[in-house]
Amino acid sequence: MEVVILQSGEEIASLAADCVDRLLSAKPSAVFGLATGSSPLALYDELARRYQAGRLSFSQARAFMLDEYVGLPDDHPERYRNVIEREFGSRVDFGPGAVQGPDGNAIDLVAACEAYDNAIHTAGGIDLQVLGLGSDGHIAFNEPGSSLASRTRVKTLTRQTVADNARFFGGDQSKVPHHVVTQGLGTIMEARHLVLMALGKTKAEAVHQMVEGGVSSMWPASIIQFHPHASILLDTEAASRLQLASYFRQVYAGKPDWQTL
Ligand code: GLP
């Protein structure tokens, strides 16, 4: 994995947007994996700016979301499909139906999860997966204890994640759904390039465990150590527990111009 430590969220967003930009130039029909949460918002802003400026187009691209709450009404503003539409989909030029998400309201959730994994496979797999990181080390909604080989399925949120996400529900933990559907760790690991963004002190321990800890379902993101092409973009606070921080800075500073993320 490549760990890049930058000064600000804007720099991280710009670097991640460069990856998206390059991929779209090489493959206009690229398949993206989209994350919700606050970490990718600056990236989505930057991509919307570049689209407005005529620098890139998603007209032939497709996207699959990572996860969804179970049981939120279709028009709930925090339903992840609505969040992605609001924050990103509606601001660029994806074609109709090009952005898909797991169905948290399916009558048969198990069948819907299997169908979702099949849809990703049929689309040719995900070229670039955007990821955030939970403070308990989750990616998507793969909480501690998740099978490292898991597929899209129903999960129960930890108390920590419910507390973390309550800020999107007016600070009221009782309004946060406790069940979710999420791409599995095995599903995420099949994406060809993982671009994970983590910002702030609350992520420092999870970042340390993900990058430098043993691979364990206790810190689900640590599975990324097995991924052949993972870019971990951090601000200085999120990187503050890394033992190898100065080495990662040295590597990035000496990176040859031709070598992109
Ligand atoms: C949420 C999402 C994850 C996200 C993570 C971090 O619960 N399901 O996909 O990466 O938590 O969120 P944030 O970026 O807001 O810290």
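Modeller: What follows describes the sheet strand by strand and then the aromatic pairs. The model is a predicted one.

The sheet is open and has seven strands, in the order E1-E10-E9-E6-E2-E3-E5, with parallel pairing. Strand E1 (2–6) and strand E5 (99–100) stand at the edges; each has a single partner strand, so one side of each is left without a neighbour in the sheet. For E1, pairing with strand E10 (residues 230–235) is in the parallel sense and runs over five bridges. Within this pairing, Glu2 has Ser231 in E10 as its bridge partner.

Six of its six residues are buried, so E9 is largely enclosed by the rest of the structure. The burial applies to both faces of E9: His193, Val195 and Met197 lie on one side, Leu194, Leu196 and Ala198 on the other, and all are buried. Two pairings of E9 can be described. With strand E6 (residues 128–131), E9 pairs in the parallel sense over four bridges, and Val130 stands opposite Val195 in E9. With E10, E9 pairs in the parallel sense over five bridges; here Leu194 has Ala230 in E10 as its bridge partner. E9 and E10 also belong, together with helix H7 (residues 204–212), to a right-handed β-α-β unit.

The aromatic rings come next. A search of the whole structure finds eleven aromatic pairs. In one of them, the ring centres of Tyr69 and Tyr80 are 4.8 Å apart and the planes stand at 50°, so the pair is tilted. This pair links distant parts of the chain, with Tyr69 in strand E4 (residues 67–69) and Tyr80 in helix H3 (residues 80–87), eleven residues apart. Tyr69 counts as buried at 2% relative accessibility, and Tyr80 is buried as well, with a relative accessible area of 8%.

Another pair is formed by Phe88 and Phe94, whose ring centres are 5.8 Å apart and whose planes are at 85°, so this pair is edge-to-face. Phe88 is buried, its relative accessible area being 2%; Phe94 is buried with a relative accessible area of 12%. Phe88 and Phe94 are also members of one aromatic cluster, which Phe32, Tyr44 and Phe58 form with them.

Methods. Residues numbered from 1 in each chain as written. Predicted model: local features only at pLDDT ≥ 70, side-chain atom pairs only at ≥ 80, totals over all residues. Heavy atoms only, no water. Pairing = 2+ DSSP bridges. Buried < 20%, exposed > 50% of the residue type's maximum accessible area, 1.4 Å probe, protein only. Right-handed = clockwise from strand over helix to strand, strands pointing away. Phe/Tyr/Trp six-rings, centres within 6.5 Å; stacked < 30°, edge-to-face > 60°.
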